[in-house]
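Open the model in your viewer and keep the sequence panel beside it. This tour tells you what to select at each stop and what you will find there.

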Amino acid sequence: MNEHIILSLLGTPQWLLCGIVGALLGAASSLLPVESRRTMLVGVFILTFRLFDIYMDSLHKKYDYIAYVHELKKNRLVADAIRFDPSQEVKLRDGIRSLMAATPTDKLLGLEQQLVGSIVNDVFAKTIPSASDEAIHGFLEAHKDTLDRFQDRPSLCVEFFAGSDGTPVDPKTIPQDLMQRIIDNKARIMESASGSPATIQKAKDMKDFLDPLFDEYQRQNRNTQDLIDVSGEVSQLPPIDGCRAARSFIGTLATMDAHKASYIYKNWVMGLQE
């Protein structure tokens, strides 16, 4: 059945549908003898209402996921993800349908949020290499401010940094104002990559983008050991050390020229994805 027809049916009050059918039956009954009309109409209307009740119930059970996905697509990040990679709409629809069919109601919302977050973050990571320098630099500046705010909560600081390449982070652990800033900056990156994608500038090797970063660490009097640490698995470090390394890395990039910072960050992310 066509998706627009399904959404129209699901959004139409049952009394209105029954009223339409009743009007049609009323018109048809004019062909019957007068004494037969009332009995026939009452019986048929009751039967019609009951059949519609059964039909709409089965329609909701079968197609509610389409209405839910339709609402999800109004979310800016979901819309951006689908715009960049239309195949994600099929993945979202199939995932929501499977969850609705097999998940207890009390666990459904959490699993749906995980699915949506996974899809958005997967696409977000893919858009970084072709986003504009300005979008990347704005993201780095916001990222720096967020990590600085978490410096007294090193475990959260590390978790948030680990999510900078697209790994899902529990939104409940992040204050609302910071969460909105993260959403806005992620959206700008995805919209930049979709609307006017930049040419991907892949470094010849790691040395090509790490050497300039190393020089910038020295110029800013930062501990170059932090750069070595951040090049490994930050989450495996003690939280205090991991947070310091993360803040040093993002802080250095955020204060660099936008083009140079974008080039380094993009290649760093592409290196993680390989």
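Start in the loop between α10 (206–219) and α11 (224–230), and select N221, which is found there. This is a predicted model, so treat every stop as a look at a prediction. Is N221 buried or exposed? It is exposed, because its relative accessible area is 71%, and the cut-off for exposed is over 50%. Now check the backbone: phi of N221 is near 55 degrees, a positive value in a residue other than glycine. Most residues other than glycine have a negative phi.

**The whole chain**

Zoom out and colour by secondary structure. You will see 13 helices and zero strands. The chain has 274 residues, and buried ones make up 40% of them. The exposed surface comes to about 15,100 Å², with carbon and sulfur atoms supplying 58% of it. If you display contacts with a separation of 6 or more, 72% of them are between residues 24 or more positions apart.

Next, select V69 in helix α3 (residues 34–72). V69 counts as buried because its relative accessibility is 2%, and the limit for buried is under 20%. Which residues does V69 contact, leaving aside its neighbours within four places in sequence? Show L92, R93 and I96 to see them.

Move on to N185 in helix α9 (residues 176–195). N185 also counts as buried, at 6% relative accessibility. Not counting residues up to four places away in sequence, N185 touches G138, F139 and A142.

**Where helices meet**

Select helix α4 (residues 76–84) together with helix α6 (residues 105–127). They pack at an angle of about 55 degrees, and their axes are 9 Å apart. That angle makes α4 and α6 oblique to each other, and their crossing is left-handed. To see the contact, show L77, V78, A81 and F84 of α4 with V116, V120, V123, K126 and T127 of α6. By class, seven of these residues are nonpolar, one is polar and one is charged.

Now pick helix α8 (residues 154–162) and α12. Their axes come within 8 Å and cross at roughly 50 degrees, so α8 and α12 are oblique to each other. The crossing of α8 past α12 is left-handed. On the α8 side, display P154, S155, C157, V158 and F161. On the α12 side, display P239, I240, G242, C243, A246, R247, F249 and I250. This contact has 10 nonpolar, two polar and one charged residues.

Which residues make the contact between α12 and α13? Select F249, I250 and L253 of α12, and A261, I264, Y265 and W268 of α13. By class, the contact has seven nonpolar residues, no polar and no charged ones. Look back at F249 and I250 of α12: they meet α8, and they also take part in the contact with α13.

Definitions and conventions. Residues numbered from 1 in each chain as written. Predicted model: local features only at pLDDT ≥ 70, side-chain atom pairs only at ≥ 80, totals over all residues. Heavy atoms only, no water. Helix = DSSP H or I, 4+ residues; strand = E, 2+ residues; numbered from the N terminus. Buried < 20%, exposed > 50% of the residue type's maximum accessible area, 1.4 Å probe, protein only. Contact = heavy atoms within 4.5 Å. Areas by Shrake-Rupley, 256 points an atom, 1.4 Å probe, with all protein chains shown as cover. Axes fitted to C-alpha atoms, helices over the stretch in contact; angles between N-to-C directions. Parallel < 35°, antiparallel > 145°, perpendicular 65-115°, else oblique. Left-handed = near helix turned anticlockwise from the far one by under 90°. Nonpolar A, V, L, I, M, F, W, Y, C, P; charged D, E, K, R; others polar.
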